[in-house]
Amino acid sequence: MSDVATGFLCLMTRPTEPLFYPKYNGQVFMDLPTEYLAERYQPIADSIKSRLGAVAKHHVTVKAVELPDLGYAEQVPRHGDFNLFNPSQRRATGRLVSDLLSQPDPDSLLSVAAYARDRLNPTMFQYALAVVLLHRKDTATVPVPSFLEMFPKRFVDPALFPKLVEEGFVVEQSERVAIEVPHSFTASELDPEQRLAYFREDIGVNLHHWHWHLVYPQEGPMEVVNKDRRGELFYYMHRQIVTRYNVERLCNMLPTATPLKNLRQPIPEAYFPKLMNSALNRTYPGRAANMVLSHVNRPEDDAVTTILELESCLGKIKEAIQTGFAVAEDGSRVPLDATNGIDVLGNIMENSDLSVNIPHYGNYHSLGHVLIGYIHDPDNLFLEGHGVMGDFTTAMRDPTFYRFHEHVDDVFDMHKQKLPSYAENELLFPGVSIVDASVQITSGKAARNRLLTFWQRSQVDLGTGLDFGPQGNVVATFTHIQHAPFAYQILVHNESAQRKKGTVRIFLAPIYDEEGGQLLLSRQRRLAIEMDKFVVDLHPGDNRIVRQSDQSSVAIPYERTFRRVDASNMSGSEAFRFCNCGWPDHMLLPKGHPDGQPFDIFFMISDHKDDAVVPDFDQSENCNDSHSYCGLRDQLFPDRRAMGFPFDRLPSPQDHLLKDFVARFPNMSRTVAEVLFTNTIISRT
């Protein structure tokens, strides 16, 4: 690995430790120009270099370059709160991304970033640098560590860290043991919401949410923000998160989340996160039960809003949906049609730079997070920072996240319900029929259509995030849900004499609601989890398709979620590209139930001629394997159909149940499978 790439890894290691302090067991020293050091260290620059530089075996020399004026970024205090939901901080971050992105080459980028790193808010800086590294072509091979590696206290009980530090300082590397992360530490079992803690507080789930917003920032240069179907991806990725959460609630005998559509009513769910906000070295504030939203008046945080402002924004968005068009800033009408309407609405609702009219439609989604995130101290009377809802890395831990996004998704669905049901010619694939479809665990002699979930103990290295802590690997063990590997088996008949190409679409949906009643398709479609989507070649006659669960277009493997990247990227070792946008594979299946929980598994093969956008798209290349939620880097979304097709619209009136829908189309199939949860813990081998 080049010195420049090694330098970038040093920038992302131990983010609040000075950059000149030797990294990677003291092996690497960043040799900085004296003026690049923070003011505290400039008078002693020579002694720093002679004392610390002499120990390191490898030096990375940072050249002096002409530096941009970064004064705008200092409005976010170095040891203060950073919140991408706050407009001024988001604007400052977008400008920082622009300044870093405009550097002519990686060496200059390294220099400017090295100067900025120890002067700016660490969270803001790491976010901006990660966005830039992911979007510059000349840094495409630089691995970006996960946020877990940089700020582990945002994901793991802070009570764990004294134990990790002690283990790292006292015990030699070869003799260190893993420290156990408590399985459910935020509430007792008396709280019904604690049944879902394994989902809400899963490290991989929260990393997915952070990384998606890293790939799809709201503000910055257009080449970073303006991605194909960005607004639709915002809608669909969050819809799938809420869907998965609601299905987990049904697995735990709880009703689906109640939409938080009335911001004036008390919020019954309490949440006390017990996590550290890394920048402030304070815990995130909790929220007591039945607290009431009112307003936020914190001008120093650029967080000023009222319920009335949000209600006004929402009314204008709903008006656009009802009239079928949005009003652009120049007064022109932007149609909310079946092709682009959801994309336009997604950008308006999230309030990205792509919104057609920010002054008119406002900032509904982000200000909703702000309102909830500051409910405990709306006027900054007690100098408290934001709660977990005010941070991309932690928002999914709060039960209110799902209630708020259920409400947001209801608004999106108002648009979808105005569209006509799909016509037969949009759903048929003439000449192609599914003869049989099933799913089966791939290990041992397993029964067809029975899937297995259990607890698994895995390990994660937190050493790179322990500022001024021990060197080397410091490992924690955590427990998470896991599923046995499985495979779909589909027998497809192509009655024509020519080869055809089709898109296989697989969804899983609960059959019964929380009271045991059968779900009508009109509601079940909102609970359909996308499991996989892939392209197949169909030769004349019978075709047997076998698809492994770890090939899913939704998920990424454990190694890409949790692997520590620096250990395999030091100079002289093979580079490993860290493409970690995607749903964690261990959460691919819902938990199910100890008695077995039945689910509909829906199979459909659509005509690839109607789907194709990128003819040469290869799922096996360039981290394209998790495109369902994350899209493709520098390419069009690889499916012309609406995201969630065919369940994004209301069904036809005659399709009361999923079986009625499937019976009308030979290119579809419905299989009932059960997910059996075994309350045992298995260690990862």
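1. Let's start with Cys581. This residue is buried, at 9% relative accessibility. Here "buried" means under 20% relative accessible area, "exposed" means over 50%, and "partly exposed" is in between, using a 1.4 Å probe and protein chains only. Keep in mind that this is a predicted model, in which local features need pLDDT of at least 70 and side-chain atom pairs count only at pLDDT 80 or more, while totals for chains, interfaces and linings use all residues. Residues are numbered from 1 along each chain as its sequence is written, and side-chain values use heavy atoms, with hydrogens and water left out.

2. What is Cys581 joined to? Its partner in a disulfide is Cys630, with an S to S distance of 2.2 Å. A disulfide is counted when a pair of cysteine sulfur atoms lies within 2.5 Å, and by this rule there is one disulfide. The pair links distant parts of the chain, 49 residues apart: Cys581 is in the loop between helix H19 (558–562) and strand S18 (583–584), and Cys630 is in helix H21. Helices (H or I, at least four residues) and strands (E, at least two) are DSSP runs, numbered from the N terminus. The S-S torsion of Cys581 and Cys630 is about -85°, so the disulfide is left-handed. Cys630 is buried too, at 6% relative accessibility.

3. Cys10 is buried, at 0% relative accessibility, and Cys313 is buried at 6%. Cys10 is one of the buried residues of H1, along with Val4, Ala5, Thr6, Gly7, Phe8, Leu9 and Leu11. Helix H1 (residues 3–11) is mostly covered, with eight of its nine residues buried. The cover includes strand S1 (28–31), strand S2 (58–61), helix H4 (106–117) and helix H5 (122–135).

4. As a rule, most residues other than glycine have a negative phi, and most peptide bonds are trans. Arg14, in the loop between H1 and S1, has a positive phi near 45°. Arg14 counts as buried, at 4% relative accessibility. Asn380 also has a positive phi, about 60°. You'll find Asn380 in the loop between helix H15 (364–373) and helix H16 (399–418), and it is buried at 15% relative accessibility. Then there is a cis peptide bond between Phe645 and Pro646, with omega about 5°. Pro646 sits in the loop between H21 and H22.

5. Is Ser652 buried or exposed? Ser652 is buried, with a relative accessible area of 14%. It lies in the loop between helix H21 (627–630) and helix H22 (658–663). Leaving aside neighbours within four places in sequence, Ser652 is in contact (heavy atoms within 4.5 Å) with Ser421, Tyr422 and Arg664.

6. Glu329 is exposed, at 57% relative accessibility, and it is in the loop between strand S8 (325–327) and strand S9 (333–335). With neighbours within four places in sequence set aside, Glu329 is in contact with Val356, Asn357, Ile358 and Pro359. Glu329 and His360 are 31 residues apart in sequence, and 7.8 Å apart in space, C-alpha to C-alpha.

7. Zooming out, the protein chain is divided into domain 1 (3–142), domain 2 (192–418) and domain 3 (424–551 + 588–612 + 652–683). These bounds come from an automatic or database domain assignment. The centres of domain 1 and domain 3, taken over C-alpha atoms, are separated by 43 Å. Even so, 10 residues of domain 1 are in contact with nine residues of domain 3.
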